[in-house]
Amino acid sequence: MPIVEIRGLPPRDPSRIPAMLREAAVEGAKAFGIPEHKVWATYEEIRPNWLAEGGNSSEHPGEATHPPLVLVRALSGRTKEMKHAFLTAVCTAIGRGLGIPSTNVWVQFVEMEKSEVWHNGTFYG
C-alpha cells in the first residue's frame, strides 16, 4: 500500500489539489498494477516563505525552485522499472496539480518490509 505524502508551498490555484491527489493515487496504482484504493495521497501546505532554498524563500513553488517535498512509503519487492513508472506517474500528477514542471518535484522513496507494517489489526507479512 503506497502512501504519497506531499508537502509544498501553496499553488497559485489551490482548487486543483483534490484532483491532483486523485490523479496521483489512480495513476500510481496503474503503474504498480494494484487497485486504486490501495494508494493513498495527502497534501500538507507549507506556509508561504516557510520553505527556504539557501537564502531564498518563496510564496509559491517555482519552475525550478522550491519544489514540493514528497515522501513515498511502499511495501518492498517492486522492480526498479515499476518504481520508475510509479514515480513518473506521481510526479506528473503533482506537476500538473501545482502548475510546475514534473521535474521540479523532490521525492524520497522508502521501502517498508511487510513484517513492519500494521493495518487492519495485523501485520502485512
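Me: Buried means under 20% relative accessible area, exposed means over 50% and partly exposed is in between, with a 1.4 Å probe and protein chains only; so which is His66, buried or exposed?

Reply: His66 counts as buried, because its relative accessibility is 5%. Keep in mind that this is a predicted model, in which local features need pLDDT of at least 70 and side-chain atom pairs count only at pLDDT 80 or more, while totals for chains, interfaces and linings use all residues. Residues are numbered from 1 along each chain as its sequence is written, and side-chain values use heavy atoms, with hydrogens and water left out.

Me: Where is His66, then?

Reply: His66 is found in the loop between strand 4 (56-57) and strand 5, where strands (E, at least two residues) and helices (H or I, at least four) are DSSP runs numbered from the N terminus. Although His66 is not a glycine, it has a positive phi of about 50°.

Me: Which other residue than glycine has a positive phi?

Reply: Asn120 is one, with a phi near 55°, and its place is in the loop between strand 7 (118-119) and strand 8 (122-123). Asn120 is exposed, because its relative accessible area is 69%.

Me: New topic: how many aromatic pairs does the structure hold?

Reply: The structure holds 2 aromatic pairs. Phe32 and Phe86 form one that is stacked, at 4.4 Å centre to centre and 15° between the planes. Phe32 lies in helix 1 (residues 17-32) and Phe86 in helix 2 (residues 80-98), so this pair ties together parts that are 54 residues apart in sequence. Phe32 is buried at 5% relative accessible area, and Phe86 is buried at 0%.

Me: And which residues form the edge-to-face pair?

Reply: Those are Trp118 and Phe123, at 5.0 Å centre to centre and 85° between the planes. The rule is that rings of Phe, Tyr and Trp (its six-membered ring) pair if their centres lie within 6.5 Å, and that planes under 30 degrees apart count as stacked, over 60 as edge-to-face and the rest as tilted. Trp118 counts as exposed at 55% relative accessibility, whereas Phe123, at 43%, counts as partly exposed.

Me: Which residues of helix 1 are buried?

Reply: They are Ile17, Met20, Leu21, Ala24, Ala25, Gly28, Ala29 and Phe32. These residues cover an arc of only 155° around the axis, which puts them on the same side of helix 1; the arc is that of the directions from the helix axis to the C-beta atoms. On the other side of helix 1, Arg22 and Lys30 are exposed.

Me: What covers those buried residues?

Reply: The cover of the buried residues of helix 1 includes strand 1, strand 2 (40-45), strand 5 (69-75), helix 2 and strand 6 (106-112). Just after helix 1, Gly33 takes a positive phi of about 70°.

Me: Last one: which side chain does Glu5 join by a polar contact?

Reply: The side chain of Glu5 is joined to that of Arg73 by a polar contact of 2.7 Å, a term for a pair of N or O atoms within 3.5 Å; within protein, one must be able to donate a hydrogen and the other to accept it, and residues adjacent in sequence count only if both atoms are side-chain atoms. Glu5 is in strand 1 (residues 3-8), and its C-alpha atom is separated by 8.4 Å from that of Arg73, 68 residues apart along the chain.

Conventions. Contact means heavy atoms within 4.5 Å.
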